[in-house]
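Here are my notes, as promised. Have a look at the model first, then read on.

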Amino acid sequence: MYDQSLIHGLFRDQLTLCGVHEGERVTVLSRGRERLDYADAFMYAARSLGATTFHLRLPHPLPDAGTWSVGSTELAASPQAVEALKQSDMLIDLAFLLFSPEQFAVQAAGTRILTVVEPIELLARLTPSPALRERVEAAAGLLEKASTLRFTNEHGTDVTYRLGAYPTVPEYGYTDTPGRWDHWPAGFVFTGAADDGVDGRIVLGPGDVLLPQNSYVTDRVEFTIEKGFITDIRGGFDADLIRSYITSFDDPRGYGMSHIGWGLDERAHWHGLAQPSFPGGMGMELRSVYGNVMFSIGPNNELGGPNDTACHLDIPMRGCSLFLDDEPVVIDGDIAVPDLRAPSRR
């Protein structure tokens with residue numbers, strides 16, 4: 001259990017990294033009774049930096065409203081609330097707006113957004129830094145110049161992404177740029193291929209991760225990808241689980257290939273989900289693990305693409321090798337480019 005004064009200090013340091021200063025308007029967005037302690041701490045921190053702040057609290061969905069899905073938010077029924085958020089310099093998102101039209105509208109107005117939904121234990125251990133930002137942005141510079149990305153592993157993965165259609169996104173855990181979104185904690189970089197630009201085979205092995213299921217793969221899963229869509233999924237229990245999940249959305253766009261990238265935070269633990277005391281969250285630690293290669297299935301509207309399906313899977317993988325225009329960036333799960341390597345790994 002963290003002392004509230006320590007949380008206040010942690011959140012104040014985070015807002016300082018985000019450039020919050022006297023005269024700015026900072027809004028905290030929450031839902032129901034979720035993360036009310038975070039809301040209070042962020043408002044306290046914002047006020048201590050001279051910003052004006054208020055808390056917009058959304059209701060929980062009604063029992064007959066169905067289950068929550070990616071890109072769906074109660075803000076859709078409250079255009080007045082969206083307009084209020086657009087007047088803010090910074091939005092602290094405790095409700096998870098990612099992939100929603102409402103988030104895109106708020107960003108387009110110049111409001112910078114920081115999503116914070118992970119447990120306090122992870123926020124404290126994976127506090128961002130300018131040094132991490134520098135390495136993530138250097139990785140983004142390499143990725144945005146590349147025309148092809150290929151990755152492989154010992155299980156038989158060999159897949160190629162044709163790049164250049166969509167922007168590259170660096171996530172380093174804070175944002176001080178108008179209209180920019182980030183997620184605390186984070187330490188990775190990604191982009192998307194052309195909509196018909198992914199071909200090959202991806203093979204998962206034991207220990208690879210399924211998100212948002214927050215589970216480790218236990219046996220081999222083989223995906224066949226043709227022209228940007230999964231055409232076949234083979235394997236045992238895990239393959240059945242993935243097929244069942246995608247099928248449940250009744251949307252063929254759920255088989256589309258979304259973003260691709262790799263992790264750069266050496267402090268992130270691969271075993272995080274295996275700890276009995278794992279405090280929940282949505283798997284940001286696993287996405288950030290140093291040298292992991294993560295591919296995603298489903299929506300690419302975050303990058304400006306046309307696929308806004310609610311079916312989304314992020315799959316961080318261990319022990320992969322990744323090449324940009326045939327130049328090695330990750331080799332067997334370790335960063336190969338000197339400028340991208342963590343100081344402790346040099």
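1. Start with Glu-285: it counts as buried because its relative accessibility is 1% (buried is under 20% relative accessible area, exposed over 50%, partly exposed in between, with a 1.4 Å probe and protein chains only). Bear in mind that this is a predicted model, where local features need pLDDT of at least 70, side-chain atom pairs count only at pLDDT 80 or more, and totals for chains, interfaces and linings use all residues. Numbering runs from 1 along each chain as its sequence is written, and side-chain values use heavy atoms, with hydrogens and water left out.

2. Where does Glu-285 sit? You'll find Glu-285 in helix 8, residues 284-288 (helices are DSSP runs of H or I, at least four residues, and strands are E runs of at least two, numbered from the N terminus).

3. Now the neighbours. Leaving aside residues up to four places away in sequence, Glu-285 touches Leu-122, Arg-125, Leu-126, Arg-267, Ala-268, His-269 and Gly-272 (a contact is heavy atoms within 4.5 Å).

4. Zooming out, the protein chain has eight helices and 20 strands. Buried residues account for 54% of its 346 residues. Of the contacts between residues at least 6 apart in sequence, 70% join residues at least 24 apart.

5. For overall dimensions, the C-alpha trace spans about 55 × 50 × 40 Å along its principal axes.
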